Amino acid sequence: MARTPTLSRPRRAPATDPAKGSPAGPLPVADTGPRRSRRPALVAVGVALAAVGGLVSAFLVNQAGERTQVIAVARDIPSGRVITAEDLRSATMVADPALHPVPVSRSQDIVGKTAAGDLPAGSLVTDASVRAGQPLRAGKDLVGVLAKPGQLPAQALQAGEEVLVVSTPAPQEDKAAPAVRPSTISAVVVQVGEPDPNGARVVDLAVTPVDSPVVAAWAATGRIALVVKARP
């Protein structure tokens with residue numbers, strides 16, 4: 001009698017016992033390749049750049065926060081008026097190289113001088129905002145006279161001095177003509193400018209509105225001389 005064939009299952013491989021020290025799973029792959037070391041020069045450069053960046057940032061923060069006390073106009077000051085301490089006030093501003101306001105520490109350089117133009121309230125005061133010399137009196141005109149050496153005394157003129165403006169004869173006039181008393185006009189020195197390379201300087205004179213056109217005409221021709229009047 002023939003045997004009936006039987007099916008048999010394949011046997012599984014027994015699991016490895018961990019206690020016996022045999023690995024139960026795939027073995028880890030070990031990295032046995034050489035590791036790259038960081039270059040010391042690059043590290044030093046990075047540290048230096050970081051330090052420089054920190055210093056620059058600190059400098060910019062300090063600059064942005066640096067404030068200074070400057071002089072500002074407290075109330076409207078018309079041109080030609082003498083500036084008093086009540087006309088000014090202090091203001092705080094961030095330092096700006098494009099602006100040149102006068103610091104509060106130099107207030108003595110501003111008080112007592114004359115406004116060079118109209119100074120509105122709230123504006124900052126600069127050195128160009130004021131000028132030396134006497135203020136222009138009411139009812140007077142201001143005439144600038146270019147005086148060369150020989151047309152004014154060697155002694156320096158002072159603001160406030162009274163002078164005579166003398167019309168001098170022209171060189172081509174007939175010397176044989178009888179001497180005539182020259183025309184003169186009284187004036188007051190307002191300001192004396194700095195001399196140019198030839199020694200000539202501009203003298204600002206306060207004269208009456210009636211005489212100002214005559215003095216201006218004399219000055220335009222150069223036929224002019226200034227005489228300091230004797231003090232009483």
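The following conversation walks through a few parts of a predicted model.

Trainee: What should I keep in mind about how this model was treated?

Mentor: Residues are numbered from 1 along each chain as its sequence is written, and side-chain values use heavy atoms, with hydrogens and water left out. Because the model is predicted, local features need pLDDT of at least 70 and side-chain atom pairs count only at pLDDT 80 or more, while totals for chains, interfaces and linings use all residues.

Trainee: Is S129 buried or exposed?

Mentor: S129 is found in the loop between β3 (114-115) and β4 (130-131), where strands (E, at least two residues) and helices (H or I, at least four) are DSSP runs numbered from the N terminus. Its contacts, meaning heavy atoms within 4.5 Å, include T114, A115 and L124 when neighbours within four places in sequence are left aside. Buried means under 20% relative accessible area, exposed over 50% and partly exposed in between, with a 1.4 Å probe and protein chains only. Since its relative accessibility is 10%, S129 counts as buried.

Trainee: Within what arc do the buried residues of α2 fall?

Mentor: In helix α2, which covers residues 212-221, the buried residues are S212, V215, W218 and A219. Seen down the axis of α2, they line one face of the helix, because the directions from the helix axis to the C-beta atoms fall within an arc of 125°.

Trainee: Which residues are exposed on the other side of α2?

Mentor: The buried residues of α2 are covered by elements that include β5 (141-147), β6 (162-166), β7 (184-192) and β8 (201-207). On the other side of the helix, the exposed residues are P213, A220 and T221.

Trainee: How many bridges join β5 to β8?

Mentor: Strand β8 is largely enclosed by the rest of the structure, because 5 of its 7 residues are buried. Two strands pair if DSSP finds at least two bridges between them, and β7 and β8, which run antiparallel, are joined by 4 bridges, with V192 standing opposite V203 in β8. Strands β5 and β8 also run antiparallel, and L146 has V202 in β8 as its bridge partner. The number of bridges that join β5 to β8 is 7.

Trainee: How far apart in space are V228 and E161, C-alpha to C-alpha?

Mentor: V228 lies in strand β9, residues 225-228, and counts as partly exposed because its relative accessibility is 31%. Not counting residues up to four places away in sequence, V228 touches P153, L157, E161, E162 and V163. Although V228 and E161 are 67 residues apart in sequence, their C-alpha to C-alpha distance in space is 7.3 Å.
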